[in-house]
Structure formats: C-alpha cells, structure tokens
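Biologist: Thanks for sitting down with me over this one. Could you put it on the screen so that we can go through it together?

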Amino acid sequence: MIDSTAAAPGAAIAVVRAPRGELTTWRLILRRPTFIAGALILAFWIICALFGNTIAPDNPLAQQLLATNNAPSHAHLFGTDQLGRDVLSRVIVGARSILTITPLATLIGVVVGTALGLVMGYLGGVVDIVVGRVVEAVLALPLVIVALLFVVALGPSAPVIIVVIGFIFAPLIARTVRSAVLVESQLDYLSSARLLGEKPAHIMFVEILPNVLPAVLVELTVRLGYAIFTVATLSFLGYGVQPPTPDWGADIAANYVVLGAGYWWETLFPALAIASLVIGVNLVTDSIEQVLAS
Amino acid sequence: MTSVDATTMPGPADAAGPALTVEHMEVTYRVRGRDRLALRDVSFRIGRNESYGLVGESGSGKSTVALALTRYLPRNGRVSAGSIRINGQDPLAMGTAALRGLRARTVSMVYQEPGRALNPSIRVGRQIAEVYEIAGLDRHSALERSEAMLRKVQISDPGRVMERYPHQLSGGMAQRAVIAMALAAEPSLLILDEPTTALDATVEAEVLDLVAALRAEFDTSVLFISHNLAVIAKMCDRVGVLYAGELVEEGIAREVFDQPRHPYTVGLLRCIPRRGQRKDHGRLDTIPGFLPQPGHSLTGCVFAPRCPIAEDRCRAAAPPAFVISPTRSSRCYLHEQASDLPRNTPADAALPARREAAVPVVRLRSLSKTFDSRGETLRALVGVNLTLEQGETLGLVGESGSGKTTLARALLGLVTPDEGSAVELDDQPLAADARHRPRQQLKALQIVFQNPDSALNRRHTVRYLISRPLTRLAGLSGARLRERLSDLVRSVRLEERHLALRPSQLSGGLKQRVAIARAFAGGPRIVVCDEPTSALDVSVQAAILNLLVDLQAKEQVTYLFISHDLGLVRYLSDRIAVLYLGRVMELGPAETVFAAPHHPYTEALLSAVPSLDGLRTERIRLTGEIPSAASPPSGCVFHTRCPRRLPTGICESDEPPLLEVAPGHLMSCHIPIDDLRTLQGDGGVP
C-alpha cells in the first residue's frame, strides 16, 4: 500500500522545468503524426471546397441521360448516378456546402457558448441556473432531433442550419467552459484583479478567458466533428442543402434507394467523404487534446 | 541520540553492517532524448539505529535519493553508476519478487502528503492490517496488531480511527496512520521524506516527538529528508547537505550547523533569522544566483557560480570530498575559510524610524465572519478588534484554521464580514466589498499572496502584470507609466528583460518579486503579506524578506504579516497578534509576546518550533488539533488543549475577556498574569 503511491513524487522531479509558452505547445502539436495525418485530410477537403469547380473533372450538375448508373471506369472514376452525373465531381464539389456550414455553426456555438460559460462560471446566480437547466434539456434529446425540429419550423436553408446548430451547441460548450472557469475562480489572481477595481467584463474576458482557451480549443474541434455528422444527417433527411446542389448527405439520400440494384458507388463515395472528414477532424482534435493534457 | 559511538564510527561497527550504504551513486533522468544527471557521486552510510538527515533546497535531488534507494524512480530515471546496499542487499540487482520483499519488509517510506499515501477508498484499519497480512498473519490478529500499532502512534481511540476513511482524518492523524503503517513491517530502514512539511507547527512537533520515540523503540535506522534545517537539527544524528545533486558537506548534525565547512551550508544558515534576530539588527544574508539546471555542464565545483570565495581552481575542476575529521567531509577546496565567508548582502539596513506617537491607520471593530457550509455555521472570526499603526508591522500568528486569512481577506474586502463589523481606514468606514470601494481606498490596501503561481495570471506578461495596477490605481499612462514601471522593477530588483516574460518562465523568487511590485504599484499604505515566503526556498526567502524591509523603510507602509513561521514573524514584526479559533488570544509588542509571561497558547506555539541551535527546552506540548469552528468549545475556546487549564472549572464555563495586562499588551486568559509569570519562569525567548 505504501508502495502504490511511491512513484507520485518522482514524476514531478523527473520533469525538468522548461519555459513552456504557446510556441512550444504548438511545436509539440505539429510534431505528432496523428496531427499531420488529420491535417492533410482536412487540407485536401478544404482545397476541394475552395477550388472544387476547377478541380472536378466534370460539371457536377451536368446530366447524361445516356450514361446513368455507370460503374466506376476510366471515364468516370467514381461512376455516375441515376441522372448520369459524375459522382467524383459531385463528391469534390460537395465539400463546399458542408465545409461552409459546419465551421460557421461551430464558431457561433463556441463564441456564444464561451461567453455564456464565462458568465455562468464567474457571476453564477440566475444565468447559471437557467442555462444549466437548458443544457440538461438539450442533452436529454438527440442532437439531430432538436436540430430537425428547428429547421423544419424555420425552413431549411444554410443560414438557418448554421444558426440552429450554433445555438444548440452553445449551452453544451458553455457547460465545459463553466467548469474550467470554476477551476480558475479558486486562484488568487482573480482576487488580485478585484483589488485593482477591475470590472467583471474585464475579469472574465481579459483575465479568465486566456486561461480557459485550451478548453475552448478542444471544445471547438470536438464540436466540429459533431457538426459534420449533424449537417450530413439533416441533408440526408432532406432538410439540409437542397438539390441539385452537390451535397454528400443529400446525394446519399438520393441514391441509397438504388443500392439494392447493385449501384453501390453512388452511395459509398459520398459516405466515405463524410467519414474521412470526420476522421480528419478527430485526428486533429486528439492530438491537440493530448498535447494540452500532457 | 541513542548512541554517539554509532555515529562517530559510521561503518560496519557491528556484525550486521550498516543499514544503508550508498557509494558513488549517480542518477540520470532522460528528458526529451537527452540524459540529465540529477545526482552525482553521492556516498553516505547510515549505521544501525542511526538517524541521518538529508537537507537541501528544492531541486537539490533529496527526493531522488529516496526514490533511487527503493527503485521507485520514474520510468525515465535510472541509477547510472555506483552502488546501494540496504542491509547488505543490493536493490539494483533484485528481481521483481525480491524487490517487493525488500519494500515490504526492509524499507518503509513516509511522504509529505499523508492524504496521498493512503488509499481513499479503503478504511484505515484495513490498510494497516494489510501490512501484517502480507507478513503472514491471519485477518483477525492482523487487525489486533493494527490497533496496537495505532495506539503506539498515540492515537487515543484506535478502534474508531480504524473504521474511518482517510479523508475523515485530519492531516496530523493521517500522518500518524501512515507512520503506523510504515512501522508495522518493523523495517530496518525508515525513509521519511518531508513528513511534517504539510502539517501545522504544533502538529509537527507532536509527530516529530513521536518519530523520535518510536525510533528508539523499534531500533530502526532513519533517513530523514527535509528542507527545514531546524527539523533536521532536532531529529538527526548526522546530516548530509545536498546541493545540485551533490553531497557538499557531511558530518554530525550539531557540528555541521554550529561550524559549517562548506560555503553553501554557511550561506544557507545565514539566510535564516536566528533566534531573537530582528529586522533592526540588520539584513539577512542571501545566496545570489540560482541552482544550476539539472544536467548542467559545469566543469568545476557546482557551487562556484554562487560562491563569494570561489577561485580559479574551483571553476577548473570539481573538488573531491575533503575528509576534515573522521566524521566530517566537505566538498570544498577552501573548507577552512568557509566559516569566514564574506557577506553577499551588506548587513546595514535602512529602517523606518519608528514614530513615538502611534498613528492608527486601520481599525477593525468587532470584526466577525460566519460561513455557512452544508448546514453548519462556521464562526471564522469572532469580534476581533485590532488597530494597525502607521509604518508598523503587525504579525498575525496561529495554526491553520485560526482565522488569519479570513481576517486579511475581510480587511481587503474580499470576504464580506457579518453585520455589525467595521473596517475603518483613517477613521472612515470602508465598504465591506472591494467592488464598492473607491480607487483611493483600493489603492491604500493591497496584498502579497502566498503562492505567486496562483496570484499572477499565467497568461499575461510581467510587463502587463505590473503596468495594469499602475494604470488602474496610480492612473498613469504613456511616458509616465513607463518611467514608474522601470522604477518599480528596479526597486523590487527585477531586470528589464524580465518584463517580456510570462510567470512560468520565472523562478519562484522572481515571481514573488513581480507580485510585490504589483502590490506596491499604486503606492499602498497597508500591504497584507499572507505567508509571502512559505512557497519559497530558504535562500530566496531571505532576499524577499530583505526586500520587504527595504520597501517598508522607503515607502513607510504598514504590513499585516501572516505567517506560521514564528522565526520570521519575530524577525519582521513590531507587534504581534495571536489568533485562535477566530479570537485574539494575545496582542502586544513583539518582544513582550515572545517573552514570558505569555498566553498558554502562545507558549505552546513557541514550544513547538524546533530551533537550529537546539537550546530550546520544550516546555509544553499541545495535544490534538484545533477544534472545528463549527462547534467551538465552551468558555475559553482554548481550554480543550490548554496544558495550564485551571482546576476551578472557570476555563470551561466562562470566556475570558481580552484585558490589558501591561501597557499595550493584551491577553485573554483566566490565569492571573503573575501566576503565568511564575509558571513559565523566564523561559521566554531572549
């Protein structure tokens, strides 16, 4: 029993203290293979989103009624869909909608959530109680159902999806930020700021915020992964980007009915695209989380 | 000190040989692909029944020694040279099973944090019994033996303690349980790594007494590791001084502390205020510079860069351990001159001329603070009346839980005191909450917190940290701000280059200087110093104390100095207030409070402090720990622990008033002052 704790003080001694500013943290992150792999995948899809129309071999909207449901071949690497459109081109150009909507939605969620979390954690009181209950309500329901409810009520369009997902994320992010703020609240630098007569807004955004940024950063990347799933699901259900604009979720929805007929490529490639994007984001998230935790 | 012979003849005096022999041990940590030496050429022996002290500042490698002995080094550490023999056995050559046997039967360790050494989800009794079960006893007799063991470590109600979980025990109680567990295996070597550092002085005294008594009873050899020289002086026969991974001096404890023969030991001892030393006796000496980083590539003596008498040969080649006498060695070419080491810091101190007419700056009137926690009412402060005078230092002492910090925070407006309490500045009442105080009042009252890591925002640069109060409180900007900033930086002895750094890039002492600069930025009139040096090493502490004294002389500020270290309080304070369970027990000029007659609680606090010169005759001991403020004892709140309680029963029934027993000297005790004088004799501190 005595033995079990013996290693604890040693660990602290073994760490040779080196000044660890942000620079070192970033260097450590950049050095991780998982980060490089994730970042490469992300970079690929970002290029597709930005220059999709130039890169794509065909016009993703051009229908070839004589070449519907063609299997992958030299002419169409990923085959063609029911309307004879080139699947590869649609996958490449389809990156744009998801890569526009999800980062913006996540950003709204993080900005609003962080502000709420700071207020909840530092000021406490009514805001804390009210938002706390809202978070519990949101957590109790599946994310997609809640999003669907609002999108149906407000009408499906990119801005609506962005705002709806952002506002659903906000309380969840607020909860994480709040707990990070509570840890900071124990520290004397907040008392010290109060003795300088600093206003609450200064204390929250200038004193506390920089210290909870690591938590916010992790939250940002985690939520981005969730947002991709949610947006793709909404599109699949027909409440996302409207046809004929190329979109992975919508394309899966349009083509999975012919899966039974053996036309697998029309569903598989957009699905792989979604999966690879989520994996890319998660690889980046993991490496950031691990470096910040160590 | 069981046997002087055993200590003067370190080595295989008896047939069994020494309990521990370490020869030329070197420990290396591999950090980021590079090997860094943490210990080099460390050799020492611990004889049978001997108590050996290892003393050094943080980073000197003390704990690494302990970990290496039992092969508990973290994965990146290894013993890269030398040999270890515990009871003649070599732990470095042992397989897993033999090593487990060694740890179970031959060596036991006790660490600083008892809370972390006990498994929080297992009852205390079971944890101790486990040691006996491993030794082969059945469950029933193991529990019986555990109970007996707990009784040995002076736990009065072992049955109840065994049924508890570790978190239900106080720190002192938990440490006793850990010691009981460590001794249960009847080890031949007991390693104590800062065993009392996390405890209050009164509890520390008890635990140290206990260790000394048990050592005699169990015939155990002890390796006692501590940063506290006085504790080592009290507990150990021989001592080794560790600096930057090297054993720089070794000898009989008494001799080493009386006549140190290595410049580092000399410097270290001069950093500590000796008994009775006060700030008007002159500055403390300091050790300039910093401990070299682990894995440094110094060719010469490790201490040479900080040594005032270093010569060329010191820098050219590392000195061997010179054997001065059979019991004494020093790793210094100049060991004969070490005791005449020139001072690093001139002794002359600019002191504020104390004014004859005391001008009160701050008045606390019947200050009370009640906390509600989980249905319990904690009375942290009860009707405290105190005055702070212009330019003085008021020392605030008491065990943890006595209300020192609450008092300081109420004064600053960081906690709101109860209705009916008043804090006055220049006879003007202050708003209870700092947020409602105008700038002039905020400016007047500032604080230096105990832990600069917590008090400085780690995301800001030093420049921002010091400029912000200049903007907020002094209302400066532009060129005037820059000018005042460099003044301030110079007066706390920081350098311009530090301004661009963040707190994590500074050492503990430098961080505390930044915190002091912040406190002084607005030109305060009262600065609360809440244990400002307790997180710092001895050599750094001296420099910070000198700085505080200098700043006080220059700025004429008033200090409220909170510390558990009575030596420091004595050194700095003009007046002293002794707090117990939120009540003032004694208040008066420092010399009066430290000299008999004093309040029995003050007497107990003073008795608890181990002293370097070992002259102190311990007169009284407190038993138990400070009662909970949720259910304070009736009558005099101190009666439950008071060794001088009156037999009449008045202590249990009536709370004694705080009366002036001599001009300026107030005391809250039923015992008449003349009786106290007789009881305590002239045993006060000279």
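Biologist: Which residue of E19(B) does B:Val528 stand opposite?

Modeller: Before I answer: this is a predicted model, in which local features need pLDDT of at least 70, side-chain atom pairs count only at pLDDT 80 or more, and totals for chains, interfaces and linings use all residues. Residues are numbered from 1 along each chain as its sequence is written, chains are lettered from A and ligands numbered from 1 in the order in which they are written, and side-chain values use heavy atoms, with hydrogens and water left out. Strand E18 (residues 526-530) of chain B joins E19(B) in parallel through 5 bridges; strands here are DSSP runs of E, at least two residues, and helices are runs of H or I, at least four, numbered from the N terminus. In that pairing, B:Val528 faces B:Leu560.

Biologist: Why is E19(B) described as largely enclosed?

Modeller: In a regular strand, side chains alternate between the two sheet faces. Here B:Thr558, B:Leu560 and B:Ile562 lie on one side and B:Tyr559 and B:Phe561 on the other, all buried (under 20% relative accessible area, with a 1.4 Å probe and protein chains only). E19(B) is largely enclosed by the rest of the structure because the buried residues number 5 of the 5.

Biologist: Which strands sit at the edges of the open sheet of 8 strands in chain B?

Modeller: Its order is E5-E6-E7-E3-E8-E9-E11-E10, with mixed pairing; two strands pair if DSSP finds at least two bridges between them. E10(B) pairs with E11(B) in the antiparallel sense over 3 bridges, with B:Val323 opposite B:Ser329. Pairing on one side only marks the edge strands, E5 (107-110) and E10 (322-325).

Biologist: At roughly what angle do the axes of H9(A) and H10(A) cross?

Modeller: Axes are lines fitted to C-alpha atoms, for helices over the stretch in contact, and angles run from 0 to 180 degrees between N-to-C directions. Helix H9 (residues 200-236) and helix H10 (residues 248-255) of chain A have axes that come within 7 Å. The crossing angle is roughly 35°.

Technical notes:
Buried < 20%, exposed > 50% of the residue type's maximum accessible area, 1.4 Å probe, protein only.
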